[in-house]
Amino acid sequence: MTMVATERAVTAGGASAAELRAEHLTVRFQGLAAISDVSLQVERHQVFGLIGPNGAGKTTLVNCLTGFQRPTEGRVLAGRTDTAGWSPTEFRRNGIARTFQAGRLFTDMTVVENAEVTGVSLGLSRRAARVQAMELLDWIGIADKADEHASILAYTDQRRLGIARALMLSPAFILLDEPAAGMSDAECEDLMVLVASIPTTFICGVLLIEHNMRVVMGISDRIHVLDGGRTLAEGTPGEIQRHEAVMAAYLGLEA
Ligand SMILES: Nc1ncnc2c1ncn2[C@@H]1O[C@H](COP(=O)(O)OP(=O)(O)OP(=O)(O)O)[C@@H](O)[C@H]1O
């Protein structure tokens, strides 16, 4: 896999930023702040956990970091480059990939075509895209379903395919919005072993939104906690677990 990852890094070209940074981001919807003055930095060798109760602003923040939402205030930097005005496609071309809570798959295509089409749209030949797509399906454990229609995939496999697709063309960062939602404990454990390996296998930083505290504490290098759109805390898993305000925000959620 290391050799394959290196080859991809060469083809990816633009995916070279060492960090993805949010600086003082605020997003208001009709005057209501979904996030307020949030700053964080994801590094390329890290799994960076983003947690917070429902409605805390996690998806809004990820939308800003991938071009799906323009911040009302603040800015997003890819390395030293200000991303102001970039479309989602420009984020993708510059090595910032994401998955969605709902799969957003092409249901009239096969599983492998779903991954392949991302590679082709970003400039790979069909053949090269097929090779990468198959490698990624194999890595994430659904290669045996490559020729099935995406529409008949189990929900949990749709989520796996979403990750494989986002990893096409070796992004520098991948933002995963609740990748294990709906999975059993065993499936979740298996997926998280893979997610934890992404920084070293693909030289790709991971921002992980995940509600399962055990998982997020287990694989994150750093964790940022949002509550009501504001930063409540940031630190190592150990620091977050000892943080009184964080534990108070979660009281009852993990019972
Ligand atoms: N397009 C929008 N228009 C208006 N309000 C929005 C919009 N998107 C999000 N919000 C509001 O912004 C706040 C933050 O929502 P967001 O989805 O970012 O939270 P979240 O932490 O991802 O929640 P969850 O864990 O439930 O997915 C919520 O109050 C939500 O209702």
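The model is predicted: local features need pLDDT of at least 70, side-chain atom pairs count only at pLDDT 80 or more, and totals for chains, interfaces and linings use all residues. Residue numbers start from 1 along each chain as its sequence is written.

Helices (H or I, at least four residues) and strands (E, at least two) are DSSP runs numbered from the N terminus; two strands pair if DSSP finds at least two bridges between them. A second open sheet has four strands in the order 2-1-4-5 with antiparallel pairing, and its edges are strand 2 (32-43) and strand 5 (81-82).

| Strand pair | Sense | Bridges |
|---|---|---|
| Strand 3 (residues 47-51) and strand 8 (residues 205-209) | parallel | four bridges |
| Strand 1 (residues 19-29) and strand 2 | antiparallel | eight bridges |

Phe48 stands opposite Leu207 in strand 8, and Phe29 stands opposite Leu32 in strand 2. Helix 2 packs on the sheet of strand 1, touching strand 1, strand 2 and strand 4 (73-78), at about 120° to strand 1. Contact requires C-beta atoms, placed from the backbone, within 7 Å; angles run from 0 to 180 degrees between N-to-C directions, with axes fitted to C-alpha atoms, for helices over the stretch in contact.

The residues around the ligand (C-beta atom, placed from the backbone, within 6 Å) include Phe29, Lys58, Thr59 and Thr60. Helix 2 (residues 58-65) supplies the largest share of this shell, three residues.

Notes: Two residues are in contact if their C-beta atoms, placed from the backbone, lie within 7 Å.
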